[in-house]
Amino acid sequence: MAGWLSIKLAANTLSPTLDMAQRRIQEDERYETEDRPKWDNKVQYLLTCVGFAVGLGNVWRFPYLCQIYGGGAFLIPYLIALVFEGLPLLYLELAIGQSLRQGSIGVWNSISPYLGGVGVASMAVSFLVGLFYNTILAWVLWYFFNSFQDPLPWSQCPLNENLTDYVEECVRGTAANYYWYRVTLNITPDISSSGSLQWWLVLSLALAWSIVYICFIRGIETVGKAVYVTATFPYLVLTIFLVRALTLPGAIDGLEYLFTPDVSWGVLLNPQVWLDAATQIFFSLSLAFGGLIAFASYNPRKNNCERDALLVGCINSATSLYASIPIFAILGFKATTNFNNCITSNVLKLTNEFDIAEKNITADNYDMWLKTLNTSHPDRINSLELRECNLKSVSGTGLAFIVFTEAVIEMPASQVWAVLFFIMLFSLGLSSMFGNLEGVLTPLFDLHMVPSWVPKELFTGIICMVSFLVALIFTMGSGNYWLEIFNSYVGSVPLLIIAFFEITSVVVFYGMKRFSEDIEFMTGHRPGLFWHLCWMGVSPLMLLVVLVAYVVVQVQVQPQYPTWNPSYVSTLFPEAEVKPYPDWVFAICVMLSAVPVVPIPLVALYHLIRRLTHPDESVQHPANLCSVVSEIRMRVTAQRSQQVIIDMTDRSIVI
């Protein structure tokens with residue numbers, strides 16, 4: 001009787017959430033037979049998460065930041081941001097997705113309907129990022145197909161229409177610059193001149209979306225197979241490049257710069273360094289896109305998501321460092337080659353202008369000769385238009401499609417290295433596209449927004465087709481300018497805001513006690529003190545500081561963009577002409593930053609108004625279902641031998 005009373009009392013205490021708890025028990029018991037897709041194995045899941053997190057930014061953004069911030073000195077703020085911002089947020093997303101087993105909209109809506117806009121914002125950002133991200137893959141495909149030519153088409157300037165000389169624009173710049181800006185992009189002088197669609201880019205974009213669709217046609221069933229190649233092949237190519245790069249002249253100089261911190265350590269006092277380190281960690285882990293939440297939702301509930309977060313986060317950062325080694329080695333080689341060619345050209349001009357005997361001016365004493373001659377004959381030196389002999393820092397498309405293509409030209413069997421390089425870039429980008437598309441499709445399917453009579457394959461195809469049509473803006477002459485705008489404004493402030501609401505939603509609305517008990521139910525142990533401190537203070541504070549700092553920096557600087565303009569001052573071209581954004585373009589920039597996160601307050605306001613106008617309807621906040629399930633099971637197991645029948649809230653449960 002005492003046992004029966006204790007269970008009766010517990011039942012009355014848990015009655016407000018009993019129905020939800022019972023459903024959780026039933027769902028857990030029939031996990032193996034339910035319709036929701038499941039990963040074939042743990043390796044498949046981890047490879048998909050790693051492929052989503054490790055993207056193009058690991059190859060061209062991280063080395064760029066190391067280059068401009070003193071090499072090894074940048075690793076200090078980078079690692080601090082990884083430990084206190086990246087890993088806690090990654091752990092939170094994997095845990096909440098695995099616990100509630102829904103996409104981004106379903107997860108936050110189930111915690112509280114007021115938070116449904118957080119999931120909508122994640123879906124909007126995933127869609128917008130996917131538009132320009134797949135355009136980069138289209139550029140990669142274009143270069144890949146042209147890498148089979150001998151010689152490589154960006155290795156020499158083409159002849160003019162009269163076949164009497166080389167094209168002036170190419171001669172004034174470089175062959176690699178000309179091939180990128182004129183042959184590939186056919187870029188306009190500024191963003192106000194739209195230009196026409198470039199048919200070769202339209203075809204490349206169509207092929208890129210077709211490949212994404214084929215790999216994603218059956219959801220994680222086909223994606224899980226594709227990641228065995230797309231997530232592992234880049235590491236093979238990076239290793240091949242590493243072995244080859246270390247044998248190139250000047251490679252050691254590049255590696256010394258990477259691993260030797262700035263001895264003055266003054267760079268660490270620059271707040272911009274910490275801002276870039278935090279944002280690099282945040283964006284490279286693909287947080288707040290909704291893709292990681294969706295991937296985790298296909299896991300069984302009994303899975304160690306803490307270990308998964310540590311593995312994915314550490315592999316992502318290790319990949320950035322590993323990729324930097326061959327890249328800095330090749331940059332060192334490129335710097336050495338460029339410097340030698342530049343010095344040789346300038347020495348020849350000085351020798352001819354001042355009738356100096358050959359070999360009197362060498363690379364070793366060039367600076368001394370130039371200083372002496374510039375002091376005595378400054379006008380004649382200025383008239384020579386000597387080249388500035390250094391390697392400027394570049395990132396993004398400039399690193400991939402200009403610097404690396406120039407470096408490949410200098411390597412034996414250049415076609416082989418070009419093909420390998422662009423296959424690697426395509427594999428990296430394709431894995432990330434899987435996560436972006438998953439962040440769009442999974443929430444729609446989970447909330448049954450797609451009619452049941454519409455096949456999943458058809459709806460996926462419709463999303464890919466719509467994305468292709470919208471992305472045609474990036475294939476116009478001004479497409480590169482618009483892509484940079486999307487990259488800068490969609491992939492910055494919105495993600496920071498979404499992540500801040502994610503972590504505060506779990507802490508404030510769901511509750512850390514509930515969340516900890518959910519994790520204990522899934523992993524067998526509660527999260528440690530470190531995770532609690534990060535979730536409840538350090539991580540949201542860092543996000544808030546980064547967000548405020550980013551906004552403050554942007555407000556103080558007039559938005560500008562670099563252009564490729566052959567009509568620019570002859571002595572400065574091919575340097576980029578920096579122009580301010582027109583007012584109408586700046587308005588679009590603001591919209592791209594604000595519109596994706598507008599659903600957050602709108603959805604909350606909608607439910608608040610509905611609650612005030614319909615007081616009979618209450619907004620339910622979910623109880624800690626995992627802890628309820630656990631407690632019920634413990635009590636039922638203790639009394640199972642007594643075969644007790646419990647009457648609970650006018651319903652009965654037969655044990």
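Let's start with two helices. Helix 5 (residues 75–100) packs against helix 23 (residues 493–523) at an angle of about 65°, and their axes are 10 Å apart. Here, helices are DSSP runs of H or I with at least four residues, numbered from the N terminus. Axes are lines fitted to C-alpha atoms over the stretch in contact, and angles run from 0 to 180 degrees between N-to-C directions.

A word on the source. This is a predicted model, where local features need pLDDT of at least 70, side-chain atom pairs count only at pLDDT 80 or more, and totals for chains, interfaces and linings use all residues. Residues are numbered from 1 along each chain as its sequence is written, and side-chain values use heavy atoms, with hydrogens and water left out.

Back to the pair. Which residues of helix 5 meet helix 23? Among them are Leu-89, Leu-92, Ile-96 and Ser-99. On the helix 23 side, they include Ala-499, Val-506, Phe-515 and Met-522. Contact means heavy atoms within 4.5 Å.

Next, Arg-101. Arg-101 sits in the loop between helix 5 and helix 6 (104–111). Is Arg-101 buried or exposed? Arg-101 is buried, with a relative accessible area of 7%. Buried means under 20% relative accessible area, exposed over 50%, and partly exposed in between, using a 1.4 Å probe and protein chains only. A polar atom of the Arg-101 side chain lies 3.5 Å from the backbone oxygen of Ser-297.

Now helix 9 (residues 175–184). Nine of its ten residues are buried, so helix 9 is largely enclosed by the rest of the structure. The buried ones include Tyr-178, Trp-180 and Arg-182. Just after helix 9, Asn-186 has a positive phi of about 45°.

Last, an annotated site. An unreviewed UniProt entry marks a "binding site" at Gly-51, Ala-53, Val-54, Asn-58, Ser-284, Asn-316, Leu-428 and Ser-432. These residues span 382 residues in sequence, yet no two of their C-alpha atoms are more than 12.4 Å apart, so they gather at one spot. A caution: such annotations may be inferred rather than shown by experiment.

Look at two of these residues. Gly-51 lies in helix 3 (residues 42–53). Gly-51 is buried, at 5% relative accessible area. Leaving aside neighbours within four places in sequence, Gly-51 contacts Ala-231, Leu-428, Ser-431 and Ser-432. Ala-53 also lies in helix 3. Ala-53 counts as buried too, at 3% relative accessibility. With neighbours within four places in sequence left aside, the contacts of Ala-53 include Asn-58, Ser-284 and Asn-316.

Note on methods
Polar contact = N/O pair within 3.5 Å; in protein donor to acceptor, adjacent residues only side chain to side chain.
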